[in-house]
Each structure stands twice: as structure tokens, then as C-alpha cells.
Amino acid sequence: MKKVLCLVAFSVMLSGCDNSEVGDVSLGMFTMKDIKLNHLVDPIVTGVTCHVASVEADLSFADPSDSAISCRQTGEITPEMIAQIDKSDSGEVVFRKSKSIFFKSMKIRRIYDATNQTLMYLSYSTKETSGSFKHSLSTVPLWGTKAYQLSPQKS
């Protein structure tokens with residue numbers, strides 16, 4: 001039990017070190033829960049920035065699974081960037097955050113829709129909550145970028 005308490009205390013201390021946090025909204029003194037707002041720049045398509053809102057419960061072994069994501073073009077998107085990404089149907093995980101000491105995590109996956117030349121960012125929980133896997137979707141069209149092709153290639 002001592003190890004678990006030390007792990008929780010260490011996790012709480014590290015959460016204060018997150019340099020991607022841009023906002024923190026308290027849900028009330030008696031709930032001990034906050035909505036944390038973080039930014040994420042896609043590691044390959046660096047012209048895309050996502051903002052993620054998720055609930056974090058201080059002094060709890062597991063955070064709620066709810067999250068919301070909104071992604072926008074904030075810089076140049078080039079054909080070279082698109083050439084580097086995973087174009088499979090399941091895409092690739094670009095961000096992962098632990099939400100519990102019981103192996104629950106929140107992941108953000110980038111999936112490329114070649115037909116519509118759109119990047120999709122899916123935020124989801126890896127554990128079922130109340131009969132549902134919580135998820136949220138945001139899209140970034142390539143229209144107007146250097147990566148947009150007049151006749152798209154099928155993947």
C-alpha cells in the first residue's frame with residue numbers, strides 16, 4: 001500500500017510539470033476534479049496543433065475517460081510530411097497519456113482520409129466506461145495547403 005501511495009504522490013507531482021498544459025478549470029472544491037486543457041503539435045505534421053480537454057481527478061486512482069479534441073492547421077503542411085505518416089486504416093498513435101494506475105490511457109490517433117485529403121485526429125479511452133468507450137474526433141482538411149493534390153491518390 002505504501003508503494004501505491006508513493007506512486008500516486010509522484011504522479012500528482014509530475015502532472016504539475018506538464019509543459020503542454022494551457023488551461024486548468026476547477027469543477028468545484030468538493031469534486032477534486034479539474035478540466036485540463038493541453039496543446040499537442042503533431043510530431044510529423046508539425047503544421048497541425050490539437051487542443052485536448054480532459055477531466056483529471058486529483059487524489060484518485062483513475063481519471064474519468066471523457067475528453068474532447070479540436071485540431072487546426074497552425075502552420076505549413078507539406079507533401080513531404082504527408083508522405084511520412086502511416087496511411088493504414090488504423091493510422092498511428094501520436095500521443096498517449098496515462099489516466100489510471102490500472103492501465104487505462106487516453107490516446108490520440110492520426111488517421112489519413114486519402115479520398116477527402118483530410119487528417120483525422122481521434123481521441124479515445126482504452127477502457128470501457130459505463131458501457132461505452134469514450135471518444136472524440138477532429139479533422140484537418142489539406143485544402144489550401146501545399147500537400148493538397150488536385151487528383152488524390154487512393155491508399
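**Exercise 1. What does the accessible surface of the chain come to, and what share belongs to carbon and sulfur atoms?**

Solution. Keep in mind that you're looking at a predicted model.
- Step 1: the accessible surface comes to about 9300 Å².
- Step 2: carbon and sulfur atoms hold 60% of that surface.
- Step 3: now turn to the residues themselves. The chain has 155 residues, and 36% of them count as buried.

**Exercise 2. Where is S125, and is it buried or exposed?**

Solution. 
- Step 1: find strand β7, which covers residues 118-125; S125 belongs to this strand.
- Step 2: look up the relative accessibility of S125, which is 5%. The cut-off for buried is under 20%, so S125 counts as buried.
- Step 3: D66 is 59 residues away from S125 in sequence, yet their C-alpha atoms are separated by 7.7 Å.

**Exercise 3. How many cavities of 30 Å³ or more does the whole structure have, and what lines the largest cavity?**

Solution. 
- Step 1: a search of the whole structure turns up one cavity of that size. The volume of the largest cavity is about 80 Å³.
- Step 2: list the lining. There are 12 residues in it, and the closest to the centre are N38, V52, F95, K97 and M106.
- Step 3: sort the lining by class: five residues are nonpolar, four polar and three charged.
- Step 4: see which strands take part. β2 (33-41), β3 (48-57), β5 (92-98) and β6 (105-113) each supply at least two lining residues. β2 gives the most, with four.

**Exercise 4. How many aromatic pairs are there in the whole structure, and how are the rings of W143 and Y148 arranged?**

Solution. 
- Step 1: the search finds one aromatic pair.
- Step 2: the ring centres of W143 and Y148 lie 4.8 Å apart, and their planes meet at 80°. Planes over 60 degrees apart count as edge-to-face, so that's the label for this pair.
- Step 3: check how open each residue is. W143 has a relative accessible area of 62%, so W143 is exposed. Y148 is at 29%, so Y148 counts as partly exposed.

Notes
Residues numbered from 1 in each chain as written. Predicted model: local features only at pLDDT ≥ 70, side-chain atom pairs only at ≥ 80, totals over all residues. Heavy atoms only, no water. 1 Å grid on protein atoms, 1.4 Å probe; cavity = no way out; pocket = protein on both sides within 12 Å on 5 of 7 lines; lining within 4 Å. Points joined across faces, edges and corners; volume = space filled by probe spheres on them. Nonpolar A, V, L, I, M, F, W, Y, C, P; charged D, E, K, R; others polar. Buried < 20%, exposed > 50% of the residue type's maximum accessible area, 1.4 Å probe, protein only. Areas by Shrake-Rupley, 256 points an atom, 1.4 Å probe, with all protein chains shown as cover. Phe/Tyr/Trp six-rings, centres within 6.5 Å; stacked < 30°, edge-to-face > 60°.
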